[in-house]
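These are my notebook entries on a two-chain model. I record what I looked up, topic by topic.

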Amino acid sequence: MTSYNRRTLIVGIAIAVLIAGVVSYFASANPDGLEKAQEELGVAGPVHPAVEVPPVAFQEYNLKWIGEGFWSNAVAGVAGAAVVLAILLGVGRLLARGKAKASGAAGT
Amino acid sequence: MHIASGFLSPPVWAGAAVISGGALAASLALARRHLDDRRVPLMGVMGAFIFAAQMVNFPVLPGTSGHLGGGFLLGILLGAPLGVIVMASVLMVQSLLFQDGGVEALGANIFMMGVMPCLLGAAVRGLWLRPKPGAATYAVTLVLGILAVVAGATGVILLLWLSDSLPRSVSLAQAIGLMGGIHAVIGVVEGVVTAAVVKFVLTMRRDAVLGPLAADCAKGVTP
């Protein structure tokens, strides 16, 4: 891995951890735009069969065993960001396979 | 702006799933042909960033909050195909692990927060890739950023209406007006944050943003 790519990962992960782990705790608890609009329009609730996925580890953006709190939110947020990162690095590596050298020298 | 479970009728969510599934398949095929190792780390950290940023609801109007969409940003930084792949990954993790967004509504959510805004972002990508993006680039980004969010919000209302999930007492125009109004305010934040993040990433990793995707090659902007 080039030092450029390593730096991108380090800086990117640091920013994501800061936002998911710390900043998100101070997020507004008010309903978001869609929830608010549904409320004001008088949308009573789901009218079609809902597909429920049982919570595996997280209850919304908190650990399901602990409930709401700074660390619960921090661990859930960082874990979620890490899962997304892992999926994309894996999928990306598969998709990029065999082309690393083709344009690797460009842009340096 | 995630549509929750039970609000879309089966024909509506199935139709959206077919369209978004097709867009995702096409994106994967394009990426298989053009993606190289240089861009994979940026793709990964942008996904982590969007996931994190969507947790941060900011106040917009009394009693109302909003959060970043991110699809518009991804379209500019990564182009539409990679943007769709990143946004679909974020939305799947949110829906399957965090009960944020209905599982059957995934196709609809991927379209309104992924496919559509990613295409709009890709439309301004060329402006940002010029040697010195000026005030006009910022202005266009802000306007299209607002448009991306308002269009997504309007699309969500249309899907709810098609699903018979809106009360009979409200007209479609009324619903779109309310939803669009709230999201115009959210869209301003989306536009400003998008421009700031694009500027930051371009300063740091211009080479990874450029990338050799077909559309860029055609415009002669590949490094």
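This is a predicted model: local features need pLDDT of at least 70, side-chain atom pairs count only at pLDDT 80 or more; totals for chains, interfaces and linings use all residues.

**Entry 1: confidence**

Residues are numbered from 1 along each chain as its sequence is written, and chains are lettered from A and ligands numbered from 1 in the order in which they are written.

For chain A I read an average pLDDT of 89, with 91% of the residues at 70 or above. Residues 102–108 of chain A stay under 50, and the model has twelve contacts for them beyond four places in sequence; a contact requires C-beta atoms, placed from the backbone, within 7 Å. For chain B the mean is 93, and 94% of its residues reach 70 or more. The model as a whole scores ipTM 0.93 and pTM 0.93.

**Entry 2: the two chains**

I list three helices and two strands for chain A, in the order α-α-β-β-α from the N terminus. The radius of gyration of chain A, taken over C-alpha atoms, is 20 Å, well over the 13 Å that the globule rule (2.2 Å times the number of residues to the power 0.38) gives for 108 residues, so chain A is more spread out than a compact globule. Its C-alpha atoms fill a box of roughly 60 × 35 × 25 Å along the principal axes. Buried residues, with 20 or more other C-beta atoms within 10 Å of their own, make up 28% of chain A.

For chain B I list eight helices and two strands. Its radius of gyration is 17 Å, close to the 17 Å of the globule rule for 223 residues, so chain B is as compact as a globular protein of that length. In chain B, 59% of the residues count as buried.

**Entry 3: the interface**

How many residues of chain A are in contact with chain B? I find 60, facing 68 residues of chain B. On the chain A side, α1 (3–21), α2 (33–41) and α3 (70–96) each supply at least two residues, and α3(A) gives the most, with 14. By class, this side has 37 nonpolar (Ala, Val, Leu, Ile, Met, Phe, Trp, Tyr, Cys and Pro), seven charged (Asp, Glu, Lys and Arg) and 16 polar residues (the others, Gly among them).

**Entry 4: one helix pair**

I looked up α1(A) against helix α2 (residues 40–54) of chain B: they pack at about 5 degrees, with axes 8 Å apart. Axes are lines fitted to C-alpha atoms, for helices over the stretch in contact, and angles run from 0 to 180 degrees between N-to-C directions. The two helices are therefore roughly parallel (under 35 degrees). Contact residues include Leu9(A), Gly12(A) and Ile13(A) of α1(A), and Val45(B), Ala48(B) and Phe49(B) of α2(B). The residues of this contact divide into 14 nonpolar, three polar and no charged.

Key. Two residues are in contact if their C-beta atoms, placed from the backbone, lie within 7 Å. Helices (H or I, at least four residues) and strands (E, at least two) are DSSP runs, numbered from the N terminus. Angles under 35 degrees count as roughly parallel, over 145 as roughly antiparallel, 65 to 115 as roughly perpendicular and the rest as oblique. pLDDT is the predictor's confidence in each residue, from 0 to 100. A residue is buried if 20 or more other C-beta atoms lie within 10 Å of its own, exposed if 12 or fewer, and partly exposed in between; C-beta atoms are placed from the backbone.
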